[in-house]
Every structure is written in C-alpha cells, then in structure tokens.
Amino acid sequence: EWFPEHNNVIVNYDVTVLDKSTGRAAQFSESHAMRYFFMDELAAMLRAGGFKPAEWGEWLTGDTPKPSSFSVYCVAVAV
C-alpha cells in the first residue's frame, strides 16, 4: 500500500515456514509501515547533523541511483 502524500508505504507479507524434518508448516502475516526518503531530504538531514554525503548508489548493484531506484545507500562523512 502506497501513500505518496506522506512518503510512506505499508508492506504486507504472508509467510509460510516449513519444518523440513516433520513436514509441518506454520503461516503468519506481517505488516511493516515504512517511511521512505528522497536523496535531497537525506542530504539535508545529514548536513543538519554535521555530515555530508560522500557516495550514493543503488543497493546491491552500486549503480548511480535513478528516479526508478527502489533501494539506495549513502556513505556520509563528518564535516
């Protein structure tokens, strides 16, 4: 569920856990409310905290982040 006006999402998981030794299965559901940030927001927060971004990349690929990137990392250094 996406709430773009608040920059947050609710991610719903349905999980099945299988015990290989007995063959029994258990199921449960989880919901995770998460706030996402844009790079300019994070950069402003870092500056306010005495840091500056040193590197940005797409999570797992290291590619330059694009508007369609879902997961991005930032390496920050103290100023």
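Buried means under 20% relative accessible area, exposed means over 50%, and partly exposed lies in between, with a 1.4 Å probe and protein chains only. The model shown is predicted: local features need pLDDT of at least 70, side-chain atom pairs count only at pLDDT 80 or more, and totals for chains, interfaces and linings use all residues. Residues are numbered from 1 along each chain as its sequence is written, and side-chain values use heavy atoms, with hydrogens and water left out.

**View 1. Asparagine 7 in the loop between strands S1 and S2.**
Strands are DSSP runs of E with at least two residues, and helices are runs of H or I with at least four; both are numbered from the N terminus. Asparagine 7 lies in the loop that links strand S1 (2-3) to strand S2 (8-18). Asparagine 7 is buried, because its relative accessible area is 16%. Although asparagine 7 is not a glycine, its phi is positive, at about 55 degrees. Histidine 6 has its place in the loop between S1 and S2. With a relative accessible area of 52%, histidine 6 is exposed.

**View 2. The pairing of S1 with S2.**
Two strands pair if DSSP finds at least two bridges between them. S1 and S2 pair in the antiparallel sense, over 2 bridges. Phenylalanine 3 stands opposite asparagine 8 in S2. The hairpin of S1 and S2 has 4 residues between the strands.

**View 3. The pairing of S2 with S3.**
S2 and strand S3 (residues 25-35) run antiparallel and are joined by 11 bridges. Asparagine 8 stands opposite arginine 35 in S3. In the hairpin of S2 and S3 there are 6 residues between the strands, and glycine 23 takes a positive phi near 80 degrees. The C-alpha atoms of histidine 6 and arginine 35 are separated by 8.0 Å, while the two residues are 29 residues apart along the chain.

Rings of Phe, Tyr and Trp (its six-membered ring) pair if their centres lie within 6.5 Å; planes under 30 degrees apart count as stacked, over 60 as edge-to-face and the rest as tilted. A search of the whole structure finds 1 aromatic pair. Tyrosine 36 is partly exposed, at 22% relative accessible area, and phenylalanine 38 is partly exposed, at 45%.

**View 4. Serine 69 and leucine 60 in the loop between S4 and S5****.**
Leucine 60 lies in the loop between strand S4 (51-58) and strand S5 (72-78). Leucine 60 is a residue other than glycine with a positive phi, near 75 degrees. Its relative accessibility is 77%, so leucine 60 counts as exposed. Serine 69 also lies in the loop between S4 and S5, but counts as buried at 18% relative accessibility. A polar contact is a pair of N or O atoms within 3.5 Å; within protein, one must be able to donate a hydrogen and the other to accept it, and residues adjacent in sequence count only if both atoms are side-chain atoms. The side chains of serine 69 and glutamate 58 make a polar contact (2.5 Å). A polar atom of the serine 69 side chain lies 2.8 Å from the backbone nitrogen of lysine 66.
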